[in-house]
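Reader: I am new to this structure and would like to know what stands behind the words used for it. Please show it to me, and then I will ask about the terms one by one.

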Amino acid sequence: MPEAWLRGPIPGVAAPLMPVAHSLVDAGEEIGPAVAGLTRDQLWARPGGAASVGFHLRHIVGSLDRLLTYAQGEGLTDTQMAFLRSEGTPGEPPEGPETEAERLVADLHRAIDDALEVLRATPIDQLDEPRGVGRAQLPSTVRGLLFHAAEHTRRHAGQIIATAGIVRGMGLGED
């Protein structure tokens, strides 16, 4: 199957935001197979001190949520700040048949779906409206935040793919 940008428009997403949507869809499609079957040890391994696959997965979820919150002109909640502080922490293994990797990928796909809904709801005439980022209210725009959400997700997707390959090659957590 061709990459998302070669499959045509994503329903409901305005043309100026289509590159953002395509990038997010591509990232989601690439990450799932890259982490499929990783054990808990592999998910949270930090080869050479690098950030773990689990961190990158959780960070994409949290950063998408935060960047979209700023794009909508809102401030972060205490819940979002708590999630930010916990992104590198494994937390409790899931109960039931779902593996931790499957749960983290499902969380990622929900975050991407939520981002696509934000893109669909974003009025094009608001793309260049100013938005403040963080406590310091650093200057950006709706367009800048949406673009950064996509490029930031892609950057971490690449790190997930590379780190997953490394931890598999190290034989961590294998029976």
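Author: What follows is a set of questions and answers about a predicted model.

Reader: Why is α3 called roughly antiparallel to α6?

Author: Helix α3 covers residues 53-71 and helix α6 covers residues 142-170, and the two pack at an angle of about 175°. An angle over 145 degrees counts as roughly antiparallel, so α3 is roughly antiparallel to α6. Their axes are 9 Å apart.

Reader: What kinds of residues make the contact of α3 with α6?

Author: There are 16 nonpolar and 9 polar residues in that contact, and no charged ones.

Reader: What makes H152 count as buried?

Author: H152 lies in helix α6. The relative accessible area of H152 is 9%. Buried means under 20%, so H152 is buried.

Reader: Which residues does H152 contact, leaving aside its neighbours within four places in sequence?

Author: H152 is in contact with H59 and S63.

Reader: Why is the pair H152 and H59 called a polar contact?

Author: The side chains of H152 and H59 are joined at 3.2 Å. A polar contact needs a pair of N or O atoms within 3.5 Å, with one able to donate a hydrogen and the other to accept it, so the pair of H152 and H59 falls under that term.

Reader: How do you know that α1 is roughly antiparallel to α5?

Author: α1 and α5 pack at an angle of about 175°, and their axes are 10 Å apart. With over 145 degrees as the cut-off, α1 is therefore roughly antiparallel to α5.

Reader: Which residues make the contact of α1 and α5?

Author: On α1 they include V20, L24 and I31, and on α5 they include L108, I112 and L119. The residues of this contact divide into 13 nonpolar, 3 polar and no charged.

Reader: What is known about the largest nonpolar core?

Author: The largest nonpolar core has 45 residues, and those with the most contacts inside it are L57, L119 and L146. The elements that give two or more residues to this core are α1, α2, α3, α5 and α6. With 10 residues, α5 gives the most. In soluble globular proteins, nonpolar side chains tend to be buried together.

Reader: Which residues does L57 touch, not counting those up to four places away in sequence?

Author: L57 touches I31, V35, L43, L104, L108 and I160.

Reader: How do you know that L146 is buried?

Author: L146 is found in helix α6. The relative accessible area of L146 is 0%. That value falls under the 20% cut-off, so L146 is buried. Not counting residues up to four places away in sequence, L146 touches L17, V20, L68, A71, L119, T122 and L127. The C-alpha atoms of L146 and A115 are separated by 9.0 Å, although the two are 31 residues apart along the chain.

Reader: Where is T122, and is T122 buried or exposed?

Author: T122 is found in the loop between α5 and β1. T122 has a relative accessible area of 13%, and because buried means under 20%, T122 is buried. The side chain of T122 reaches the backbone oxygen of V118 at 2.6 Å. Beyond its neighbours within four places in sequence, T122 is in contact with L17, L127, V142 and L146.

Reader: Why is E3 called partly exposed?

Author: E3 is found in the segment before α1. The relative accessibility of E3 is 42%. Buried means under 20% and exposed over 50%, with partly exposed in between, so E3 counts as partly exposed. The side chains of E3 and W5 are joined by a polar contact of 2.8 Å.

Reader: What makes Q137 worth a remark?

Author: Q137 is not a glycine, yet Q137 has a positive phi of about 55°. Most residues other than glycine have a negative phi. The place of Q137 is in the loop between β1 and β2.

Reader: Why does Q137 count as partly exposed?

Author: Q137 has a relative accessibility of 49%. Exposed means over 50% and buried under 20%, so Q137 counts as partly exposed. Q137 and A45 are 35 Å apart in space, C-alpha to C-alpha, and 92 residues apart in sequence.

Key
Residues are numbered from 1 along each chain as its sequence is written. This is a predicted model: local features need pLDDT of at least 70, side-chain atom pairs count only at pLDDT 80 or more; totals for chains, interfaces and linings use all residues. Side-chain values use heavy atoms; hydrogens and water are left out. Axes are lines fitted to C-alpha atoms, for helices over the stretch in contact, and angles run from 0 to 180 degrees between N-to-C directions. Helices (H or I, at least four residues) and strands (E, at least two) are DSSP runs, numbered from the N terminus. Angles under 35 degrees count as roughly parallel, over 145 as roughly antiparallel, 65 to 115 as roughly perpendicular and the rest as oblique. Ala, Val, Leu, Ile, Met, Phe, Trp, Tyr, Cys and Pro count as nonpolar, Asp, Glu, Lys and Arg as charged, and the others, Gly among them, as polar. Buried means under 20% relative accessible area, exposed over 50%, partly exposed in between (1.4 Å probe, protein chains only). Contact means heavy atoms within 4.5 Å. A nonpolar core is a set of buried Ala, Val, Leu, Ile, Met, Phe, Trp, Tyr and Cys residues joined through side-chain atoms within 4.5 Å.
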